[in-house]
Amino acid sequence: MDVLYFAWLRERIGQPRERVETGATTVRELVAELAAMDEWHAAALSDLAAVRVAVDQELADLDAPLAGVREVAFFPPMTGG
């Protein structure tokens, strides 16, 4: 699956996207796997209250299932004006 990072998450991880093989069944499990990869992922994903997620371009929560998912994106909360 493709994992995309936006804004400061991309800066902390050092890349805008990566392809991962995962056994995770939920976004929460995927986050745990990513955070265990290295210190950059761990730092970027350490405060999940400051991170939003989209699964196949639909906003989702951390308990969203990953079966059949092609893309997960992580980004900071958006503000409008």
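Colleague: Is R28 buried, partly exposed or exposed?

Modeller: Keep in mind that this is a predicted model. Buried needs a relative accessible area under 20%, and exposed needs one over 50%. R28 has a relative accessible area of 41%, so R28 is partly exposed.

Colleague: Which residue does R28 meet in a salt bridge?

Modeller: Side chains of opposite charge can pair when their charged atoms come close. A salt bridge needs nitrogen and oxygen within 4 Å. For R28 the N to O distance is 3.2 Å, and the partner is D63.

Colleague: How many residues apart in sequence are the parts tied together by R28 and D63?

Modeller: R28 lies in helix α2, residues 27–35. D63 lies in the loop between β4 and β5. The pair therefore ties together parts that are 35 residues apart in sequence.

Colleague: L62 is found in the loop between β4 and β5. Which residues does L62 touch, not counting residues up to four places away in sequence?

Modeller: L62 is partly exposed, with a relative accessible area of 21%. L62 and E29 are 33 residues apart in sequence, yet their C-alpha atoms are 8.4 Å apart in space. Not counting residues up to four places away in sequence, L62 touches T26, V27, R28, V31 and L48.

Colleague: Which residues are linked with D2 in a network of salt bridges?

Modeller: D2 and R17 meet in a salt bridge at 3.8 Å, N to O. That pair links strand β2, with R17, to strand β1, with D2. D2 also meets R19, at 3.3 Å. The residues linked with D2 in the network are R17 and R19.

Colleague: Is R19 buried, partly exposed or exposed?

Modeller: The cut-off for exposed is over 50%. R19 has a relative accessible area of 58%, so R19 is exposed.

Colleague: E71 is in strand β5. How far away is the nearest side chain of opposite charge?

Modeller: E71 is buried yet has no salt bridge. R17 is in contact with E71, but a salt bridge needs nitrogen and oxygen within 4 Å. R17 has the nearest side chain of opposite charge, and the distance is 4.5 Å.

Colleague: How many salt bridges does the count come to?

Modeller: R17 pairs with D2. D2 also pairs with R19. R28 pairs with D63. The count of salt bridges comes to three.

Note on methods: Residues are numbered from 1 along each chain as its sequence is written. This is a predicted model: local features need pLDDT of at least 70, side-chain atom pairs count only at pLDDT 80 or more; totals for chains, interfaces and linings use all residues. Side-chain values use heavy atoms; hydrogens and water are left out. Helices (H or I, at least four residues) and strands (E, at least two) are DSSP runs, numbered from the N terminus. Buried means under 20% relative accessible area, exposed over 50%, partly exposed in between (1.4 Å probe, protein chains only). Contact means heavy atoms within 4.5 Å. Lys and Arg count as positive and Asp and Glu as negative; His and the chain ends are not counted.
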